[in-house]
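Biologist: Please show me the chain, and then we can go through it by question and answer.

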Amino acid sequence: MPTLPCLPLSDARKAIAQRVVETHRRSRLTNARAAELLGVNKTQVKRWLDGRNIPSAEVLHRMVSVYGVSPGYLLAHPAAVSDFADAPRGAARAADRGNKP
C-alpha cells in the first residue's frame, strides 16, 4: 500500500481551518444554525471561522453529515482535494430544514 504525503502539524491545522471556513461559507448556514446542528455554541463556530481554533474530531465527524463533505476533505487530505467540488450542496440546506442530509 503506498504511503500518502503528510503535512507538518502547524500546516495541517491551517489547512483544516481553511477547509472548515470554506465549507461553512459554502453551506450558507448562519453561525447560530451551524452551531445548533453541530451541537456546539456560536462562540466555538466563530473561533473556527476566525482561525483561532479547529473543531474536535467528534465535531469534524458531525460536519461531514451536516455539510455533506468527505472526512478527507475536511482533514485537508491531499487526495481529497476534489471531494468538495463534488459534494452535494443541498446537504446543509436539507439539515437546515430538519431533514437528514
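Modeller: Helices (H or I, at least four residues) and strands (E, at least two) are DSSP runs, numbered from the N terminus. This is a predicted model, where local features need pLDDT of at least 70, side-chain atom pairs count only at pLDDT 80 or more, and totals for chains, interfaces and linings use all residues. Residues are numbered from 1 along each chain as its sequence is written, and side-chain values use heavy atoms, with hydrogens and water left out.

Biologist: In which helix does Leu37 lie, and is Leu37 buried, partly exposed or exposed?

Modeller: Buried means under 20% relative accessible area, exposed over 50%, and partly exposed in between (1.4 Å probe, protein chains only). Leu37 belongs to helix α2. Its relative accessible area is 22%, so Leu37 is partly exposed.

Biologist: Is Arg28 buried or exposed?

Modeller: Arg28 sits in the loop between α1 and α2. Its phi is near 65°, a positive value in a residue other than glycine. Because its relative accessibility is 67%, Arg28 counts as exposed.
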